[in-house]
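Reader: I'd like to learn how to read a structure like this one. Could you walk me through it?

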Amino acid sequence: MILSVQHVTTYQYDEPMRSACQSLRLTPSRYQGQRVISWTLDVVGGTKGGSFRDGAGDRIEGWSMRGPVDKVVIRAFGQVETTDCAGVLRNHRELVHPFAYLRETSATWQDEAIERLAAEACDDSGTALARAHKLSAAVSEAIEYTPGATDAQTTAADALALGRGVCQDHAHALIAASRVRNIPARYVTGYLHSTADGEGHEASHAWAEVWVDDLGWVGFDPANECCPDERYIRIGSGLDAHDAAPIRGVSQGEGDESMNVVVALESVQQ
Amino acid sequence: MTDYFNEMFQAGQVRAPYQGLEGWTKSMPAELRQMKQAEAEALFRRIGITFAVYGEGGDPDRLIPFDMFPRVFTQGEWSKLDRGIKQRAKALNCFLQDVYGRAEIVQAGKIPARLVYQNEAFERSVVGFTPPRGIYSHIVGIDLVRTGPDEFFVLEDNCRTPSGVSYMLENREIMMRMFPKLFRENRIAPVDGYGDALRRTLASVAPAKCDREPTIAILTPGHFNSAYYEHSFLADTMGVELVEGQDLFVENGFVWMRTTEGPQKVDVIYRRIDDAFLDPLCFRPDSMLGIPGLMDVYRSGGVSICSAPGAGVADDKAVYTFVPEMIRFYLGEEPILNNVPTWQCSKPDDLKYVLEHLSELVVKEVHGSGGYGMLVGPKSTKDQIELFRHKIEEEPENYIAQPTLALSTTPTFVEEGVAPRHVDLRPYCLVGEQIELVPGGLTRVALTDGSLVVNSSQGGGVKDTWVLAE
């Protein structure tokens, strides 16, 4: 499948800022399931700084803007050819040891409910892959997809207690439940192409990857009860949503910020 | 009664290194000594050296007591320490380069993977990036204690930003001003080359993109920090800028310093702030001390940061146990300096032993520092011991235990004259193009009779440390 992406994020300030600076993790991953045909990333009026591929295989670019800054417009667009790898992140070059993804973060804090969910989802029998599927299914069942019930700061434990949430909450809950069982897990950002019948929820998407011995990292999307396939574009990963964020930025000044995101994702006829 | 090694007197005889001091002590009656002590204090106050060593907290304007009685090593004693410290600093840097790269030591099963990768000080964000010359810890402070003529033990390593070196330099400066005759009569190796050596070390790790004489800056959290005096002292000594986060900004893949003549590129940052605060775009988003975007510049080779972010994983107290193994693994050598035998409470057998022998052991928190969160068994009450027993049982992996060491003593001026007091030693090893160690260090002394705790927050003082030239 060839997917065409247009992703524009705009930060608007009610008073001009003295300067702004961003760190962008906003380039599609390179692995067997993805071939980047074209990709352009820029900050309108900004200066590009250092760029590199980090140990987790993510492309990172630093950008800065001198003031006065009225708004910051971050544009990412291009085409990616995807194939279905059943969620397996095959041929992805990275160096970080999976155990580095066992660390708790505030968003993936493990309370008793998460421990219970992880314990009840599966026992230690069967394959590691089967266990990961069961954990993911348990999270899908425990948290009903409900936009607006949670916000960006909601933790895995909060969402589980509420029983409702969006893809970020599902991913956090699966990560927390995996780590409780000593299974490395991480947060993944990307895009999801919605099919015509309305399946799939939003173009900007997030899911989790769980470490499976013998296979490596395997993606699970509890929000859609599946593993990522050719409808998904993978961008980057981290310990949680904050750590994996495609855009991290700060601006210096007194102005209040408002944000607007537009993502258009289309399948290109071949 | 434990027999402590007295570094000056053995069997009624004055040991060789201290022979030059015997006459000096005798020539100083109580009144003169008090006068000199007052003079020393006035000097310290005047230069403004009033900070708490090793992040111990407490009153930042408090003067740490200075004891005029020097601590002395012979060239022979020092040369073993010199080799041992350099060996250790080298191995610690090999370890850091390895665990942020291919991790051969983990693959070889010499150190448990979890200990490295689940360590809070392990920085995932710098995996795969190799800093210039592969050096992560450019200033290694190694804390040593002595228990006999030839017995030295490493208590802990400090690979991040060990403080206290300004004391080493100022103690010497003040001793030379007050007792010039002593320095004429004894051949004492100088320590004042430290500033140049530090500058040389930092310049030698400038990034490859730097094609001129590197610009070095010391990054301080600010004047409210307890070690601010040292930051400004070192900047002065090296002739480099002292900056705060707000004085720097990132543009074009480089770090720039705001100056009256416009922005100036900075090539090497000797930072005295913790990893977590370096860059809100990479670490703690609420940090006001750091420089937004710094880590992107660093990881793309536009600036060097000393010590490198992530260096702390080598000086963790649980990783400490494996330093002798690192020396064998990377250098193919036997350790010259020994570790203190250490029990890991995370291991069931060790835990059992520790819980049965709490009244004899020193128990430390794995991530603690500055003598806090520590139990000195023989000096503790039953209640304190029981409190610790609960803490250890709660979270065994959070604690290690060591035998209570019979720390050596050196003569120290006290109210009644001169008396033996327990000491430790922190030398500062510089790692750049070369590994350099100035002959000396910071000697801390427990001023309270019988006390084994040298931390200044608990009644410790400092001394000038001499290494006699051949």
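Author: In chain A, the C-alpha centres of domain 1 and domain 2 lie 24 Å apart. Domain bounds here come from an automatic or database domain assignment. Domain 1 of chain A covers 2-81 + 247-268, and domain 2 covers 83-244. Keep in mind that this is a predicted model, where local features need pLDDT of at least 70, side-chain atom pairs count only at pLDDT 80 or more, and totals for chains, interfaces and linings use all residues. Residues are numbered from 1 along each chain as its sequence is written, while chains are lettered from A and ligands numbered from 1 in the order in which they are written.

Reader: How many residues does each domain of chain A give to the contact?

Author: Two residues are in contact if their C-beta atoms, placed from the backbone, lie within 7 Å. Here, 19 residues come from domain 1 of chain A and 19 residues from domain 2 of chain A.

Reader: Which elements give two or more residues to the domain 1 side in chain A?

Author: Strand E1 (2-24) and strand E12 (257-268) of chain A. Helices (H or I, at least four residues) and strands (E, at least two) are DSSP runs, numbered from the N terminus. E12(A) provides the largest share of that side, four residues.

Reader: And how do I read strand pairing?

Author: Two strands pair if DSSP finds at least two bridges between them. E1(A) pairs with strand E4 (residues 59-82) of chain A in the antiparallel sense, over 18 bridges. One of the pairs puts A:Ser4 with A:Gln79 in E4(A). Strand E2 (residues 34-43) of chain A also pairs with E4(A), antiparallel over nine bridges, and there A:Gln34 stands opposite A:Thr82.

Reader: What do E3(A) and E4(A) form?

Author: A hairpin, with five residues between the two strands. In its turn, A:Gly57 has a positive phi of about 90°. Five bridges join strand E3 (residues 47-53) of chain A to E4(A), and the two run antiparallel.

Reader: How should I read two packed helices?

Author: Two packed helices are described by the angle between their axes and the distance between the axes. In chain B, helix H3 (residues 75-99) and helix H12 (residues 323-331) pack at about 80°, with their axes 9 Å apart. Axes are lines fitted to C-alpha atoms, for helices over the stretch in contact, and angles run from 0 to 180 degrees between N-to-C directions. So H3(B) is roughly perpendicular to H12(B) (65 to 115 degrees counts as roughly perpendicular). Among the contact residues are B:Phe95 of H3(B) and B:Tyr330 of H12(B).

Note on methods: Parallel < 35°, antiparallel > 145°, perpendicular 65-115°, else oblique.
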